[in-house]
Amino acid sequence: ANLATAVTYMNTAGNVHLHIKGNLHVNSTHIITKSCRVTCVDGGIITFYSGAQIRFGTAPTVGTTAFTATSNRFRSTITSPNLALTEGSFYAIKADDELATPYSSHLAGWTHHAMELHRVEASLGSNQYKFAEQYVDNFTTNPTIFEVPMIRGVILENIRYTYVGGSTPSSTPAWSFYGCHGLRIINPHGIYPVPGGWWFRYCYDVVIEDPIIDAKYAPMAAPADANYGYNFIVGLCTRFKLRGGTIGMCRHGITTTNEITGTNQRWGTSLLCSVKGMDFTANRGTSDNTICLDTHAEGYGWVFDDCNFHGYDGSISNGILVQNRARNTIVKNCTYDGQATNSSSGGYGIYNLAPDMMAIGNTFRRCTHGIRQIAATNINCDTAKIVNNHFDQCFGPAIMSTTGQGTLIDGNTFINCGYVSGFSIIELQADTDPVITRNMMMKDANTYAVKYTPATVGADFKFIGNVATGYGTSIFDTTTTKGADLNTAWSLATRNWID
């Protein structure tokens with residue numbers, strides 16, 4: 001009753017600073033529609049009951065006004081003769097074009113389509129407008145645009161919250177945000193057991209600082225798929241940032257998702273989003289459903305920087321630093337320790353299922369694979385860039401790729417990789433045009449440095465400037481079709497340093 005009274009006043013007055021003392025019980029949905037500041041003080045804590053939620057903002061009306069993109073993707077101007085856009089306001093653009101590169105959805109058989117959120121920077125006259133960002137997909141098939149009303153300047157600080165109501169939390173997210181601009185969430189603390197996370201939809205310029213989330217969920221077996229396993233859920237958002245803090249014992253620490261669904265169709269791409277300086281400990285699960293970071297096809301250009309990831313021996317799922325299905329994802333300066341003790345008990349540092357992924361300056365320890373790329377229907381893992389990483393005690397191949405073309409593997413260090421006898425340091429099953437340069441490859445228990453299984457060698461294949469010690473002239477696995485030929489053509493001391 002006290003919260004309901006407070007929310008009514010907040011929605012009338014606006015710019016209210018709400019202090020929460022003692023234990024605030026939330027057992028229904030409360031919607032706040034005005035700018036405000038909410039702070040837990042003097043040990044105040046919010047207790048959510050099953051199905052309860054605090055929501056900021058309301059869903060926009062999905063309009064059908066047509067517009068024309070000035071040109072295809074990677075432009076920032078549009079023409080909208082039927083809608084007068086306002087400088088500084090926010091608009092969602094939507095079309096039926098499938099994403100620029102084909103994807104296999106995380107919902108089998110579904111297709112993914114263009115939808116983005118942008119701020120209008122300027123009117124150029126003649127019904128032309130310039131966005132503050134470039135749109136990254138094509139908007140040519142039934143393109144529509146609609147305004148997204150925003151609550152500006154919501155601040156949540158020192159929020160402490162927990163959950164009661166049963167052994168399995170509700171699938172309803174505890175916190176939900178629609179149309180928030182300049183949202184700041186400072187030092188939220190989810191206390192075991194926490195409810196179903198934070199969901200951000202149609203939000204622009206969100207910053208979350210120093211979250212502490214300790215979920216401690218029991219292991220969840222596939223195909224369980226409910227929001228209560230997620231901490232931060234990012235839908236149609238632009239400029240979303242997570243800085244510092246820890247997330248532990250969850251199904252997904254962060255996941256991206258769509259905004260609108262149709263018949264076997266999904267729309268909504270998050271843009272210009274980043275995670276920096278965070279520490280993740282995954283759930284002690286036994287399936288690939290428990291993943292520290294899970295980006296879906298509805299994401300573009302996500303950056304993960306200076307993060308630490310901790311797994312558990314005996315749980316392959318916990319080995320996944322990033323399960324990446326988003327385009328142009330960058331993972332840099334991160335450390336992953338799977339804590340595995342044998343080849344079947346660890347997982348993967350990066351599990352990549354998308355094109356143009358970049359892994360730069362990371363460290364992968366005690367796992368089955370540091371980086372794995374996998375083939376599936378409509379998945380394209382081309383042109384991955386794996387540069388200046390350190391791989392230490394990967395029991396299987398440190399880099400295991402069953403798909404993709406044009407992979408760059410440059411400047412990496414491999415120690416105790418392919419640790420189980422018979423494995424190699426790098427295994428390529430499909431890429432006929434990899435570029436493997438300037439790597440340090442140490443022969444330990446592994447048999448060969450590179451296992452190359454394609455039956456042909458592409459014109460752009462390169463193996464230059466590598467240091468391969470302990471292999472002699474048998475760097476490539478000679479049991480494959482092209483292994484012996486590659487040893488003759490590419491492992492010569494004039495192109496690499498070998499002994």
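Mentor: In the largest nonpolar core, which has 89 residues, Trp175, Phe177, Phe200 and Met441 touch the most other members. A nonpolar core here is a set of buried Ala, Val, Leu, Ile, Met, Phe, Trp, Tyr and Cys residues joined through side-chain atoms within 4.5 Å; buried means under 20% relative accessible area, exposed over 50%, and partly exposed in between, with a 1.4 Å probe and protein chains only. Helix 1 (residues 2-13) gives the most to this core, 4 residues; helices (H or I, at least four residues) and strands (E, at least two) are DSSP runs numbered from the N terminus. Another core lies apart from it, with 14 residues, including Phe67 and Ile78. This is a predicted model, in which local features need pLDDT of at least 70 and side-chain atom pairs count only at pLDDT 80 or more, while totals for chains, interfaces and linings use all residues. Residues are numbered from 1 along each chain as its sequence is written, and side-chain values use heavy atoms, with hydrogens and water left out.

Strand 22 (residues 203-209) has 6 of its 7 residues buried. Strand 22 pairs in the parallel sense with strand 19 (residues 184-186) over 3 bridges and with strand 25 (residues 237-243) over 6 bridges; pairing requires that DSSP finds at least two bridges between two strands. Valine 207 stands opposite arginine 184 in strand 19, and its bridge partner in strand 25 is lysine 241.

The structure holds 0 disulfides (cysteine sulfur pairs within 2.5 Å). For cysteine 237, the nearest cysteine sulfur is that of cysteine 203, 4.7 Å away. Cysteine 237 is buried, at 0% relative accessible area.
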